[in-house]
Amino acid sequence: MDVLTVVLITGTIFVWGIVSARLERADLTAPIVFMAVGVLAAWLGLAQAPSAPQQLKPLAEVTLVWVLFSDAARVRLRDLRHDLGGYLRLLGISLPLTVLIGWALAAWLFPEFDSWLALLVAAALAPTDAALGVPVVTNRRVPARVRRLITVESGLNDGVITPVVMVALAGTATAEGLAAPGPLQAVLELAVGAGVGVVTGFGGGWLLNRARSRGWAAEEFAGIAVLALALLSYATALTVHGNGFVAAFCAGLAFGAAAGKRGPAELGFLEHVSGLASLLVWLAFGGVAIPLVLGRFEVSTVLYAVLSLTVVRMASVSLSLAGSGLRGRTVLFIGWFGPRGLASLVFALLALEELGPRVDEAVAVIAVTVVLSVIAHGASAAPLSARYARSVVAHGPEHGGAVPEVPVRGLPRRRGAGGSARD
């Protein structure tokens, strides 16, 4: 990386920090802006695509570890009692349906894919990223229950789907004849990672809680300790041949349960650092992945991307929320705002690194879907959330009453446009 590249990256981050609120009001979200800057860097010859996947793997892995940990820790288990049925429907019914329908669609549109590779594509595109629809989750005129359903689903589904992605990766590697752990070995690694994560996260949260109560922990270093704890869970799992990503997710859940009342505040530093790392991943995606897939914009690839963002997602959500008491317009609103984002990108980069050119077409399908999602969801978030908010005013809020807010990763707790709404 030369000095000019550093200037471009740091300058973009600084300028974004100055004008981010104004650009977001113009429907330009951070992923759109940084992806565009990445494309510009590639056009200027500052990004070297052939060697990029290997160079990006450490950044992608660390970013995913921090995101999984912070997403899981932010949604504390005791808070899930609010609208528990809705969360179970979205995570226990809609998410598996999304994978199954996406798996069948990939097998149909891409007959050259074996069953494992088709599953990899479907699973990698199953998690959602609420940060891509900022106006939806920050507009307080949208009922808190709806915003919370979208936010909690986004915060947990990437961790829930990670085991499926890892097993699909292992199955694909075995099918391709690569020297890699098979699916059964991958399942064992997932179990080990989960155990390591629970022990590390709960132990770290309990120790930090006790240290605060005794006055041993300085406030300015508590956030740094949480940042290190996330990486510790990941590294420890790898040391004992477990899955580090599952360990990070389980560690976040356990930390949230053990850290006490100060736990959410101590996630602030981790969320800011992971937010910065996420911006770098989006920039790298624009500079590396988009040039690689420009030649693969085939009809089947674009068709899969469009159907994944619409029919696959919205049909799964509609089926899972049937009988929940939510109005049809609310179900459609939740179904549409399932952007594919950071987790899907990292899964694609991991597949490219571990399996090489064999999965180029599968990675292209994931990348095209994410690109379309960034543009479509980023551009539609503000107008559709405003339109939905007006319909709530006209027809009244959904049944269920007020529920506590859940902050979105990387976003400050701020008052949305138009003030607060009665939920």
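## Helix 13

The expected span of a helix is taken as 1.5 Å times one less than its number of residues, and helices themselves are DSSP runs (H or I, at least four residues) numbered from the N terminus. Helix 13 (residues 299-320) has 22 residues and should therefore span 32 Å, which agrees with the 30 Å between its end C-alpha atoms. A bend of about 45° occurs in helix 13 at Ser308, where the bend is the angle between axes fitted to the seven residues ending there and the seven starting there.

Among the buried residues of helix 13 are Tyr304, Ser308 and Arg313, buried meaning under 20% relative accessible area with a 1.4 Å probe and protein chains only.

## Basis of the model

The model is predicted, with local features needing pLDDT of at least 70 and side-chain atom pairs pLDDT 80 or more, whereas totals for chains, interfaces and linings use all residues. Residues are numbered from 1 along each chain as its sequence is written, and side-chain values use heavy atoms, leaving out hydrogens and water.

## Salt bridges

Four salt bridges are found in the whole structure, each being a side-chain nitrogen of Lys or Arg within 4 Å of a carboxyl oxygen of Asp or Glu. One of them pairs Glu153 with Arg313 at 2.7 Å, N to O; because Glu153 lies in helix 7 (residues 144-175) and Arg313 in helix 13, the pair ties together parts that are 160 residues apart in sequence. Both Glu153 and Arg313 are buried.

Another salt bridge joins Glu266 to Arg212, with the closest N and O atoms 2.6 Å apart.

Technical notes: Helix = DSSP H or I, 4+ residues; strand = E, 2+ residues; numbered from the N terminus. Buried < 20%, exposed > 50% of the residue type's maximum accessible area, 1.4 Å probe, protein only.
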